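Here are my notes on this model, point by point. Please read them with the structure open.

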Amino acid sequence: MKIAKSTYLFIFTLVLAAWYLFIGIYLNQLGYYNQESLFYIEKTKIVFEGLGNRLKVMGLTAPLLPFYSSLIFSSVNSYLAPVIASALGTAGFFYLISRSFLIRVKDDFYLIMVAVLFVLHPGIIYMACSGKAIYLVVICVYLFFLNLLKFYRSNTTFHISIASMCLVTLIFCDYRFIWLTLFFIPLVLSITLASLNLGEKESIFRLFMSFNSPSLRRKLINKTFAIYIILFILPVVSLICYKLLNQTHASDYNYFMESPLATWNVLVDKLNYDTTVTAVNYQLPELSILVSLRVIYFCPLILFGLYLLRESTYHVLTVITLFAFVEFLHIKYDKLFLTYQYYLIFLFVALLCIIFKVHTIKNKLAVKVGLACVIVLQLYTGYTFLTNSLITDERRFITTLNRLEPNADQSESKEIAAYINSLPDGTHILMDDAVSYPIVAFTNNIKKLTLPYQLDSFLSAIETPYKYDDYILVATAKNPFAGYTQLSDKYIPEIRRLNSGVNYKRAYETDGWILYKVVTLQ
């Protein structure tokens with residue numbers, strides 16, 4: 001009995017998922033954690049184990065969909081939940097892309113090419129094994145562009161509707177993708193021109209014909225407006241509803257993207273930038289004119305994809321919007337670095353271009369030889385990009401993977417958490433998890449902690465800690481996050497000044513943290 005290729009593909013997907021899980025779990029055992037996964041672990045602990053009103057944490061933690069995907073697997077193991085989610089999500093993404101090649105291209109070479117990328121590409125391994133939500137972002141980007149290309153081929157507004165849904169999920173995976181809509185506003189005109197049944201192929205002449213014919217002009221305007229509505233109304237309404245939810249529960253429309261209590265990247269991205277530009281061995285930051293060149297260096301396959309699309313202006317413009325998007329992000333967020341995911345999306349968009357257009361090239365052998373060379377180059381550039389990344393989490397991942405040695409990045413957080421875990425169950429510790437969420441993540445009993453999500457208790461404890469808590473965790477002057485919390489090195493002297501009858505003794509101390517004990521109440 002002959003086994004279908006789709007069955008082999010499914011079996012390989014399961015093997016790939018196991019490969020990712022093995023790497024991710026092994027790195028976890030070596031001590032590798034990144035700030036994003038620790039943030040999700042900490043919020044998951046609050047949702048399932050915390051005391052008080054946790055609805056705000058459950059509904060306003062951002063990015064929302066990555067948090068929920070981690071939440072789903074927390075019943076298996078709360079510390080491995082982000083890794084399990086990213087491993088299974090990336091393996092599922094491989095199956096999605098491979099099925100497209102199997103259906104549209106029908107050549108085993110391209111399946112092998114995709115398999116090699118997913119097994120060996122350092123960036124894809126990082127996406128699958130780090131516990132970060134990169135996999136959700138690239139899946140949503142891929143599906144968004146896939147449905148746009150399907151619309152170009154079929155002229156069916158159903159695909160625009162699906163693209164709109166993908167854009168909504170993309171925004172809830174990474175809010176910055178809302179700016180992608182800016183570059184689709186002019187592009188929609190090109191999309192509409194392509195959908196008109198005209199004999200002329202060149203867009204400029206199609207536009208000229210449309211504006212010089214009253215009936216065509218009316219049809220162009222109506223169809224353009226309709227596509228705007230279908231493509232953008234759902235993302236806009238969803239975002240407005242979510243902002244109203246933030247206003248209702250946090251009294252701030254932008255709480256989900258500006259508060260360090262709601263999202264992990266507010267402080268981490270800033271710290272990455274500040275650390276790099278003030279380092280002794282100064283590294284050249286990203287320059288706007290070089291971002292697109294960095295994209296091409298990282299993903300030379302995108303040039304091949306654009307070459308395949310050369311005969312369709314609106315196809316090329318659709319892909320170029322991504323270049324404009326990353327350039328815009330670098331200008332808009334000039335004090336932040338572009339993370340790996342913004343470069344990785346070009347790799348999968350390039351694969352999408354190949355899926356749709358590679359069958360049109362007659363010289364199959366030349367294409368395969370060229371692609372094989374480019375894939376080898378992709379593996380090299382993917383490795384060098386991670387190795388030389390300006391972002392700490394990305395460099396630490398590839399370093400830990402290369403050396404297979406214990407990672408001590410979170411040793412201080414684990415040390416403080418171990419001491420807190422050794423305290424009796426009735427002990428109460430005042431902490432600000434806006435900056436100390438790694439410590440909370442490693443704490444076994446979260447009921448010991450007084451945290452900002454317990455708003456009334458936390459505010460009362462800040463003013464008179466000796467009435468509510470037995471210990472206070474304070475960030476030292478050496479802690480890079482000390483300036484972003486009330487519980488800094490200035491807090492204890494101020495509390496002592498306000499109430500001299502209370503004494504605070506250092507119970508445990510590391511370079512970045514001091515745990516004070518309330519020892520005397522007069």
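1. Leaving aside its neighbours within four places in sequence, which residues is F348 in contact with? This is a predicted model, and in it F348 touches F93, I97, F118, I124, M127, V138 and Y142 once neighbours within four places in sequence are set aside.

2. F348 belongs to the largest nonpolar core, which has 121 residues. A second core stands separate, with 37 residues. F39, Y40, I41 and L71 are among them.

3. Now the aromatic rings. The structure holds 40 aromatic pairs. Take F93 and Y142. Their ring centres are 5.3 Å apart and their planes meet at 80°, so this pair is edge-to-face; the angle cut-off for that class is over 60 degrees. F93 sits in helix 5 (residues 81-104) and Y142 in helix 8 (residues 134-154), so the pair ties together parts 49 residues apart in sequence. Both F93 and Y142 are buried. Both are also contacts of F348.

4. Y343 and F385 form another pair. The centres lie 5.0 Å apart with the planes at 65°, so this one is edge-to-face too. Y343 is in helix 18 (residues 340-357) and F385 in helix 19 (residues 364-387), so parts 42 residues apart in sequence are tied together. Y343 and F385 are both buried. They also belong to a cluster linked by ring pairs, along with Y32, Y126, Y297, F298, Y340 and F397.

5. Two arginines sit over tyrosine rings. R176 lies over the face of Y333, 4.8 Å from the ring centre. R310 has its charged end over the ring of Y307, at 4.1 Å from the centre.

6. Check the backbone at P63. The peptide bond joining A62 and P63 is cis, with omega about -5°. P63 lies in the loop between helix 3 (55-60) and helix 4 (64-72). As background, most peptide bonds are trans.

7. Two loop residues deserve a look for phi. Most residues other than glycine have a negative phi. K106 is not a glycine, yet its phi is positive, near 60°. K106 is in the loop between helix 5 and helix 6 (108-120). S251 is not a glycine either, and its phi is positive at about 55°. S251 falls in the loop between helix 12 (214-250) and helix 13 (255-258).

8. Are K106 and S251 buried or exposed? K106 is exposed, because its relative accessible area is 65%. S251 is exposed as well, at 60%. The cut-off for exposed is over 50%.

Key. Residues are numbered from 1 along each chain as its sequence is written. This is a predicted model: local features need pLDDT of at least 70, side-chain atom pairs count only at pLDDT 80 or more; totals for chains, interfaces and linings use all residues. Side-chain values use heavy atoms; hydrogens and water are left out. A nonpolar core is a set of buried Ala, Val, Leu, Ile, Met, Phe, Trp, Tyr and Cys residues joined through side-chain atoms within 4.5 Å. Buried means under 20% relative accessible area, exposed over 50%, partly exposed in between (1.4 Å probe, protein chains only). Contact means heavy atoms within 4.5 Å. Rings of Phe, Tyr and Trp (its six-membered ring) pair if their centres lie within 6.5 Å; planes under 30 degrees apart count as stacked, over 60 as edge-to-face and the rest as tilted. Helices (H or I, at least four residues) and strands (E, at least two) are DSSP runs, numbered from the N terminus. A charge sits over a ring if NZ of Lys or CZ of Arg is within 6 Å of the ring centre and within 35 degrees of the ring normal.
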